[in-house]
Amino acid sequence: MSEFRVRLYEPGDEAGILDLFNRTFSEDNPGFVPRTPEVWRQIFEKNPAGMQIMVAVDGQGKLIANYSSTPAFCSVRGEKRLCTQIVDSCVDKDWRRSLRKGSVFVTIGADFLRFFSTAGRLPFDDFIYGLPNEKGFPI
């Protein structure tokens, strides 16, 4: 269970992302309302600023982690730029071991930041931010 790879979102990943999101965020949350494909498309696929999503898959290609953001246009010194808010980051329960270097969560987060904040690459985010939910706050 130690082999995984991180990659950019590919069409068709949304089913695995939704399954993982709904399983993860329903844990210990009796009031959780599952996200539907329609809502996912509205948040991510139809975002006028684009899609910025990375996933991690295990050795068999099963989606085990998601790191999604909602990019938005902003103004930096009067120039139209791009920023993004990390909104949905989650790791399959079987892959949550630690927050050490090389763990799924640390790797996918670092890869996301490196990819989308590398100068000269498009899209390029002038700033990336995220606000954890109560469960993720200690991280």
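Predicted model: local features only at pLDDT ≥ 70, side-chain atom pairs only at ≥ 80, totals over all residues.
Let's start with confidence. The protein averages a pLDDT of 89. At least 70 is the score for 90% of the residues. Among the elements, S2 has the highest mean pLDDT, at 97. S5 has the lowest, at 82.

Now the salt bridges. How many are there? The count comes to 10. I'll take three of them in turn.

Begin with Arg7 and Asp13. Their closest N and O atoms are 2.7 Å apart. Are these two residues buried or exposed? Both Arg7 and Asp13 are buried. Glu10 joins Arg7 and Asp13 in a network of salt bridges.

Next, Arg41 and Glu38. This is a salt bridge too, with the closest N and O atoms 3.7 Å apart. The cut-off is within 4 Å, so that distance counts. Where do the two residues sit? Both are in helix H2, residues 37-45, and they are 3 residues apart. That separates them by about one helical turn. Here is the general rule. An α-helix has 3.6 residues a turn, so residues three or four places apart point the same way. What about exposure? Arg41 has 31% relative accessibility, so it counts as partly exposed.

Third, Arg81 and Asp126. Their side chains meet in a salt bridge at 2.9 Å, N to O. This pair links distant parts of the chain, 45 residues apart. Arg81 is in strand S4, residues 79-91. Asp126 is in the loop between helix H3 and strand S5. How exposed are they? Arg81 is at 25% relative accessibility, so it counts as partly exposed. Asp126 is at 29%, and it also counts as partly exposed. Buried would need under 20%.

H3 has 13 residues. From its first C-alpha to its last, H3 reaches 18 Å. That is close to the 18 Å expected at 1.5 Å a residue.

Which residues of H3 are buried? They are Val104, Thr107, Ile108, Gly109, Phe112 and Phe116. And what covers them? The cover includes strands S1, S2, S3, S4 and S5.

Find the buried pair, Arg7 and Asp13. Find Arg41 and Glu38 in H2.

Methods:
Residues numbered from 1 in each chain as written. Heavy atoms only, no water. Buried < 20%, exposed > 50% of the residue type's maximum accessible area, 1.4 Å probe, protein only. Helix = DSSP H or I, 4+ residues; strand = E, 2+ residues; numbered from the N terminus. Expected span 1.5 Å × (residues − 1). Contact = heavy atoms within 4.5 Å. pLDDT = per-residue confidence, 0-100.
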